[in-house]
Amino acid sequence: MLYTTQMDAAKKGIFTKQMEDVIRDEQISKEELMEKIATGKIVIPANKNHKNLRGIAVGEGTKTKVNVNLGVSEDKCDPNAELEKAQTAVKYKADAIMDLSTFGDTAKHRRRLVEEIPVMIGTVPMYDAVAKYGKNIKDMTEEDLFRVVEEHAKDGIDFLTIHAGFNRVAAERVDNNPRLTHIVSRGGSILYEWMKLNDKENPFYEHYDRLLDICEKYDVTLSLGDGLRPGSIKDSTDAPQIQELIILGELTKRAWKRNVQVMIEGPGHVPLNEIVTNMQIQKKLCHGAPFYILGPIVTDVAPGYDHITSAIGGTLAAANGADFLCYVTPAEHLRLPDLADMKEGLMASRIAAHAADIAKGVKGAIEWDHKMSEARGNLDWKTMFDLAIDPEKAREYRASSMPIDGEVCTMCGDLCPIKRTKKDA
Ligand code: SF4
């Protein structure tokens with residue numbers, strides 16, 4: 001074997017097939033890409049057992065990526081519907097799919113996803129441990145947890161969310177600093193309960209090297225989870241959140257020593273005025289590792305519209321350093337998203353990601369807008385549809401209200417200023 005992980009390959013100067021994929025999709029040089037992978041600023045989550053994967057980069061200087069969460073639960077268990085959602089998400093250009101299934105034959109569903117989905121796939125093994133063993137949380141053993149991690153890695157999952165930084169020190173911090181919404185991360189709450197009931201340290205923290213062994217073997221990217229992410233804007237940037245982030249920064253360095261690629265997961269609910277600070281603190285404490293964020297949701301009062309509250313936060317966050325946005329749908333806080341919710345959430349996040357890419361000067365981002373503006377200025381409807389982030393929706397809207405003069409639209413009709421002032425009019 002010439003190399004173990006993408007990071008190991010980059011350090012050794014080996015240009016992998018996945019790096020080649022990235023060069024085709026991004027305006028980044030081979031040298032810059034390899035240097036940033038070698039120093040942990042870019043990751044290419046690419047499990048050796050995910051055979052049909054197209055390499056996708058997450059991190060500094062590359063386009064902001066978007067993840068779609070899917071998965072069955074006890075209340076809604078239809079693996080075929082979830083697979084259809086995953087395929088639709090890929091059609092609408094999601095960069096990643098996270099399978100968060102917590103019920104039924106999760107292994108079968110996960111393996112089908114790996115076989116059929118060509119973008120990076122992530123999971124949270126802790127959720128699956130609950131589904132797989134059906135035990136009380138207290139009775140789950142360390143072996144149970146590591147067995148499920150190894151199973152996901154072997155199945156070809158590209159990145160694993162592991163809340164390794166939520167150790168007993170962080171748990172004490174949350175006990176001593178009461179919050180409005182306590183712990184809102186599912187993985188975090190399970191680990192908190194486990195540590196309390198068993199009076200033991202988080203196994204993923206205590207046996208972190210064992211976790212790294214698995215990640216190195218399959219080239220799984222560690223997505224270090226934020227079990228203490230704030231679940232309300234009041235809890236944002238508080239001591240427990242920052243305590244966990246400090247530990248994640250330490251764990252990042254240990255992973256890099258083993259050539260394991262790392263992303264850091266982040267908040268959560270954060271008011272707009274604290275977002276920039278959050279991005280700066282993360283990049284500083286975690287040594288420039290890619291930042292993967294959920295939201296941030298900038299106000300707590302908009303259930304049904306949280307794809308918008310998170311797109312507002314996601315835009316500002318990504319413009320200031322976040323690299324990867326986990327989508328939020330209108331169903332957030334309310335129910336498992338359906339197909340339509342998934343599309344709304346994905347589009348909102350893709351818009352946020354692109355708007356941020358323009359602001360942070362990602363190469364090639366703004367040119368897309370310039371082409372669209374040129375087409376708009378020429379009333380070139382075909383090109384406008386082709387360039388639209390959601391061509392289907394743009395076509396449907398226009399077709400639903402056609403003007404008398406086909407060159408303009410029904411908004412201004414005969415008074416269309418673009419037509420009236422066109423240079424060649
Ligand atoms: S009619 Fe108005 S809205 Fe429609 S293309 Fe012309 S300027 Fe734009």
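Two strands are said to pair if DSSP finds at least two bridges between them. Helices (H or I, at least four residues) and strands (E, at least two) are themselves DSSP runs, numbered from the N terminus. What you see is a predicted model, in which local features need pLDDT of at least 70 and side-chain atom pairs count only at pLDDT 80 or more, while totals for chains, interfaces and linings use all residues. Residues are numbered from 1 along each chain as its sequence is written, and side-chain values use heavy atoms, with hydrogens and water left out.

I begin with strand β3. Which strands does β3 pair with? With β4 (residues 96-99), β3 pairs in the parallel sense over four bridges, and N67 has A96 as its bridge partner there. With β10 (residues 324-326), β3 is joined by three bridges, and these two strands are also parallel. The partner of V66 in β10 is L325.

Is strand β3 enclosed or open? Six of the six residues of β3 (residues 65-70) are buried, so the strand is largely enclosed by the rest of the structure. Buried here means under 20% relative accessible area, exposed means over 50%, and partly exposed lies in between, with a 1.4 Å probe and protein chains only. In a regular strand the side chains alternate between the two faces of the sheet. In β3, K65, N67 and N69 point one way, V66, V68 and L70 point the other way, and all are buried.

β3, helix α4 (residues 79-91) and β4 make a right-handed β-α-β unit. A crossover is right-handed if, with the strands pointing away from the viewer, the path from the first strand over the helix to the second runs clockwise.

Let me follow the pairing onward. Strand β10 is also joined to β9 by three bridges, again parallel, and I293 has L325 as its bridge partner in β10. The chain crosses from β9 through α14 to β10 in a right-handed β-α-β crossover. Strand β8 (residues 262-266) pairs with β9 in the parallel sense over three bridges, with I264 standing opposite F291. The path from β8 through α13 to β9 is a right-handed β-α-β crossover as well.

I turn now to charged side chains. How many salt bridges does the structure hold? There are 38, where a salt bridge is a side-chain nitrogen of Lys or Arg within 4 Å of a carboxyl oxygen of Asp or Glu. R110, R111, D128, K132, E151 and D155 are linked in a network of such bridges.

K283 and D323 meet at 2.8 Å, N to O, in a salt bridge. K283 lies in helix α13 (residues 272-285) and D323 in the loop between α14 (306-319) and β10, so the pair ties together parts that are 40 residues apart in sequence. K283 is partly exposed at 21% relative accessible area, whereas D323 is buried at 5%.

The side chains of D390 and K343 form a salt bridge at 2.9 Å, N to O. Because D390 sits in the loop between α17 (381-387) and α18 (391-399) and K343 in helix α15 (residues 339-359), this pair ties together parts 47 residues apart in sequence. D390 is buried, with a relative accessible area of 10%, and K343 counts as buried at 19%.

A contrasting case is E201, in the loop between α9 (186-198) and α10 (203-206). The backbone nitrogen of R168, however, lies 3.0 Å from a polar atom of the E201 side chain. This is a polar contact: a pair of N or O atoms within 3.5 Å, where within protein one must be able to donate a hydrogen and the other to accept it, and residues adjacent in sequence count only if both atoms are side-chain atoms. Not counting residues up to four places away in sequence, E201 touches N167, R168, W194, M195 and E206, contact meaning heavy atoms within 4.5 Å.
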